[in-house]
Amino acid sequence: MEYSIAVLKGDGIGPEIVSEAMRALEAVGEKFGHTFTFTEALIGGAAIDAVGECLPERTVDICQGSDSVLLGAVGGPKWDSQPAANRPEKALLGIRKELGLFANIRPAQLWAPLADACPLKPERLGNGLDLVVVRELTGDVYFGEKKRDADGRAHDDMTYSVAEIERIARRAFEMARQRNNHVTSVDKANVLETSRLWRETVARVAEGYPDVELDYLYVDNAAMQLVLNPSQFDVILTGNLFGDILSDEASCITGSIGMLPSASLSLSSRGMYEPIHGSAPDIAGKNLANPIATILSAAMMLRYSFNLPAEAKAIEDAVGRVLDAGFRTADIAKPGDEYMTCSDMGRAICAEIKNG
Ligand code: NAD
């Protein structure tokens, strides 16, 4: 099969890590007989420098004309003084809107060879850490009406519609079916009306998934449970604001920002796939970045946009074998231990994909 991929390398370490993910996709293509065609387009600071705007129309067109989108990261100190409407980060909100990306999927997994990086005590980890946060991405307090009153009061309107809750809930239940059949819906239904609607709607959607266990947590308790007993979770389903916070918390307990992929999905099969970390300006251009989060994001693309689970697993297994063999980039190496460059890590993973 042939698949077209829009490639938005972005800023900082973006070009370095995305090049390695493209290499991994090519290795998978060779092994399984697929062709991936890449079309590069500008986003973020790189686009501001080249054409004066953070999200050029051409970039949106290329993304909309592709089967899926692979993104590095945007931003950096060079563009911090840009007006708010043309900051690199603004391009992310813009492209999510243009592509109708309403579901953000963030797996948080602790790789056994990196267990030392986890900030939790080993006894807290129970039978491991392998969960997914499914966060609604286009509603909630971030997109409600915002205003300031003359008396100095500020408002951010928190809103959700039944339709918005239903579509994200269905995503979470479908995801649970591909994993361990357990959804935990997180809200603040003891206080917020939007959360009460959230809970009622999730309960109704759950009736269509009798094979999936559903429970509920208030967000304050969920934040505690993530550090006290994270292995109780399979799929965490939540809104935009709570998901923003909980997905960062879930990521940080794995201890390795350079390892964590993400997907943003729409109603069509087209999604956008990117590492959760930023453009790491402190190490940009030094061939020091860890490309694994981006390579694992490419694996998510194979699974969720192209329905190629065996190909996705080939990448994930290759990453596992490389880590088992002791290969490390600087961010995941123990202090004083040897480490490899970004491109050498990419090459090692490709070799494992081919040999696996
Ligand atoms: P960051 O994630 O870029 O970096 C935080 C720390 O983690 C740095 O020390 C960095 O060197 C390290 N790090 C990050 N990714 C790494 C990798 N793959 N390998 C090794 N080390 C890695 O966060 P920040 O410093 O707060 O932000 C830098 C810029 O990135 C800012 O302009 C910010 O707005 C932007 N940002 C963009 C995105 C995105 O594009 N989705 C997300 C977060 C931050």
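Aspartate 156 comes out as partly exposed in this predicted model, with a relative accessibility of 44%. Its salt-bridge partner is lysine 146, and the closest N and O atoms of the two sit 3.0 Å apart. Lysine 146 belongs to strand β6 (residues 146-148) and aspartate 156 to strand β7 (residues 154-156), so the bridge ties together parts that are 10 residues apart in sequence. Lysine 146 is partly exposed too, at 48% relative accessible area.

That pair is one of 20 salt bridges in the structure. Another joins lysine 334 to aspartate 116, at 3.3 Å from N to O. Here the link spans 218 residues of sequence, because lysine 334 lies in the loop between α10 (309-324) and α11 (342-355), while aspartate 116 lies in the loop between β4 (103-109) and β5 (130-136). Aspartate 116 is exposed, with a relative accessible area of 62%.

Within it, arginine 87 and aspartate 80 bring their closest N and O atoms to 3.6 Å. Arginine 87 is partly exposed at 27%, and aspartate 80 is partly exposed at 43%.

Now for helix α4, which covers residues 88-98. Which of its residues are buried? They are Pro88, Ala91, Leu92, Ile95 and Arg96. These residues cover an arc of only 130° around the axis, which means they sit on the same side of α4. The spacing makes sense, because an α-helix has 3.6 residues a turn and residues three or four places apart point the same way. The buried residues of α4 pack against α2 (45-51), α3 (57-64), β3 (68-73) and β12 (271-275). Just after the helix, glycine 100 takes a positive phi of about 65°.

Note on methods. Residues are numbered from 1 along each chain as its sequence is written. This is a predicted model: local features need pLDDT of at least 70, side-chain atom pairs count only at pLDDT 80 or more; totals for chains, interfaces and linings use all residues. Side-chain values use heavy atoms; hydrogens and water are left out. Buried means under 20% relative accessible area, exposed over 50%, partly exposed in between (1.4 Å probe, protein chains only). Helices (H or I, at least four residues) and strands (E, at least two) are DSSP runs, numbered from the N terminus. The arc is that of the directions from the helix axis to the C-beta atoms. Contact means heavy atoms within 4.5 Å. A salt bridge is a side-chain nitrogen of Lys or Arg within 4 Å of a carboxyl oxygen of Asp or Glu.
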